[in-house]
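Subject: Structure for you to look at

Hi,

Here is the structure I promised to pass on. Please open it alongside this note and follow the residue numbers as you read.

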Amino acid sequence: MRTRGFTLIELLVVIAIIAILAAILFPVFARAKEAAKRTTCLSNMRQIGIGFMLYLGDEDDRCPDRRDLKTSLPDGYRPWTVWPPSDPRAGWADVVLGAYLHSNALWSCPSVLGGALADLPQVRQDTSLDRRTSTRYWMWRFDQTTDAIPLDNMWGKTPDGAVLDLQAAHNPQAGFPQGTADVELLVDPYFPKTIPTVPAAIKGKAVHQGGRNRLLLDGHAKFLVDARTNS
């Protein structure tokens, strides 16, 4: 008896069909995976927002003033010479809000871990000397260490007072907020391609394609499309 096998042409056709399906489906799977990570990132931010609100409730509605941690944490203040001109890293907040959050893992978006931005000095801030705990989010309104608190920083201020100061600051990045829902509290790192002082190797790079997740001062989080980052 003779058994019938596949001919070479049949095998090649099957391989070609599999290759075509893979080419079609792999980008779909990659987008779905990134969408899941972006959702997890938003969840992280919302939990951090809850922790921040709990802190405000315990501290007479005043934001933390831990400018000392900006300089005393490992690597100190702004250990780079390029953009950004201040230090928006959020290591100090991990220390202050630790009693409310109970998990350092919330401070790193899953999309940034293992990526090109994960260990940049502008992104990663270790909160322990053994480098076991780190943060990779930015908090622009807590980015200065000067004795006189700038109008566009929120150290020690009430949320409503911070809004009034931001209105008076005329900071083009902060805009003219009408309330706490317009004030950015926490954001994914991003490196605008429109700024000359951003190094070429990271110009336009962001944690998420085409924009960034951000947490607002009223506690809600959402994705912001940003044409200054790569799509």
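Is Leu185 buried or exposed? With a relative accessible area of 3%, Leu185 is buried. Before going further, please keep in mind that this is a predicted model. Leu185 belongs to strand β3, which covers residues 184-187. Its C-alpha lies 5.3 Å from that of Leu217, although 32 residues separate Leu185 and Leu217 in sequence.

Next, the salt bridges. Searching the whole structure turns up 12 salt bridges.

- Asp165 pairs with Lys157, with 2.7 Å between the closest N and O atoms. Asp165 counts as partly exposed at 22% relative accessibility, while Lys157 counts as buried at 12%.
- Arg228 and Asp226 join their side chains in a salt bridge of 3.0 Å, N to O. Arg228 is partly exposed, its relative accessible area being 27%, and Asp226 counts as buried at 7% relative accessibility.
- Asp130 and Arg132 form a salt bridge through their side chains at 3.7 Å, N to O. Asp130 counts as partly exposed at 46% relative accessibility, and Arg132 counts as exposed at 71%.

There is also a network of salt bridges that links Asp119, Arg124, Asp126, Arg131 and Arg136.

The loop between β1 (125-126) and β2 (134-135) deserves a look of its own. Arg131, a member of that network, is found in this loop. Arg131 is not a glycine, yet its phi is positive, at about 65°. At 46% relative accessibility, Arg131 counts as partly exposed. Asp130 is in the loop between β1 and β2 too. From Asp130 to Pro74 the C-alpha to C-alpha distance is 9.6 Å, with the two residues 56 apart in sequence.

Now to helix α5, residues 159-169. Which residues of α5 are buried? They are Pro159, Ala162, Val163, Leu166 and Gln167. Viewed down the axis of α5, these buried residues fall within an arc of 140°, so they line one face of the helix. Asp160 and Leu164 are exposed residues on the face of α5 turned away from the buried side. Just after α5 comes His170, with a positive phi of about 55°.

Together with Asp58, Glu59, Asp60 and Asp61, Asp160 forms a negative surface patch. Asp58 has its place in helix α1, residues 8-58. Asp58 counts as exposed because its relative accessibility is 53%, and the cut-off for exposed is over 50%.

That is what I have for now.

Best wishes

Technical notes. Residues numbered from 1 in each chain as written. Predicted model: local features only at pLDDT ≥ 70, side-chain atom pairs only at ≥ 80, totals over all residues. Heavy atoms only, no water. Patch = residues over 30% accessible without salt bridge, like charges linked within 9 Å, V, L, I, M, F, W, Y side chains within 5 Å. Areas by Shrake-Rupley, 256 points an atom, 1.4 Å probe, with all protein chains shown as cover. Salt bridge = Lys/Arg side-chain N within 4 Å of Asp/Glu carboxyl O. Lys, Arg positive; Asp, Glu negative; His and termini not counted. Charge placed at Lys NZ, Arg CZ, Asp CG, Glu CD. Helix = DSSP H or I, 4+ residues; strand = E, 2+ residues; numbered from the N terminus. Buried < 20%, exposed > 50% of the residue type's maximum accessible area, 1.4 Å probe, protein only. Arc of directions from axis to C-beta.
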